[in-house]
Amino acid sequence: MTRYSGEWQVNNGGRGLYELTQKLQEWLREAGAREGWVNLFVPHTSASLLLQENADPDVQRDILDYFARLVPDGDAGFRHCNEGPDDMSAHLRSALTQNSLIIPVREGRAALGVWQGVFLFEHRLRPVSRRVLVSFQGVVEEV
């Protein structure tokens, strides 16, 4: 059993979904991963990770629209607004989603469904750089 870990910096343009699937598949290839599990973790309280459809961009737009209705920016009931009207809404959006994903690795690739992609879900309005910690545990290619 082998362990391999890394860290990515993901610069984004503000609130939105940013696909990491290709980056993940390349990272697994570089690690020589064959069979096992990959874990992704975002150590932030106003961003999260999603496993979601990546074929139709309307899915991502609908997710963003839904969260805008569910947790609006600048809600008068929020006490915490130190960094602007999107501060507390970003924390709540993060709390409603997830900050880590565990995905099986089969035959050297993340075993995602046909329409599944891995996304960083940025909840703040302004562009920001996020860290994503990634680790693999399992069997690697024989060298």
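A residue is called exposed here when its relative accessible area is over 50%, and buried when that value is under 20%. The model is predicted, and in it the protein comprises three helices and eight strands. Read from the N terminus, these elements follow the order β-β-α-β-β-α-α-β-β-β-β.

**Overall build**

- Along the principal axes, the C-alpha atoms of the protein fill a box of roughly 60 × 30 × 20 Å, and 38% of its 143 residues are buried.

**Surface and charge**

- The protein has an accessible surface of about 8000 Å², and carbon and sulfur atoms account for 50% of that area.
- There are 15 positive and 19 negative side chains in the protein, with the centres of the two sets lying 4 Å apart.

**Helix α2**

- Helix α2 takes in residues 57–70, which is 14 residues, and spans 20 Å from its first C-alpha to its last, close to the 20 Å expected at 1.5 Å a residue.
- Val 59, Gln 60, Ile 63 and Phe 67 are buried in α2; these residues lie on the same side of the helix because they cover an arc of only 100° around its axis.
- Asp 62 and Arg 69, by contrast, are exposed on the other side of α2.
- The cover over the buried residues of α2 includes strands β2 (16–19), β4 (47–53) and β7 (116–122), together with helix α3 (87–96).

How values were computed: Residues are numbered from 1 along each chain as its sequence is written. This is a predicted model: local features need pLDDT of at least 70, side-chain atom pairs count only at pLDDT 80 or more; totals for chains, interfaces and linings use all residues. Side-chain values use heavy atoms; hydrogens and water are left out. Helices (H or I, at least four residues) and strands (E, at least two) are DSSP runs, numbered from the N terminus. Buried means under 20% relative accessible area, exposed over 50%, partly exposed in between (1.4 Å probe, protein chains only). Accessible areas come from the Shrake-Rupley method with a 1.4 Å probe; for residues, only the protein chains shown count as cover. Lys and Arg count as positive and Asp and Glu as negative; His and the chain ends are not counted. The place of a charge is taken as NZ of Lys, CZ of Arg, CG of Asp or CD of Glu. The expected span of a helix is 1.5 Å times one less than its number of residues. The arc is that of the directions from the helix axis to the C-beta atoms. Contact means heavy atoms within 4.5 Å.
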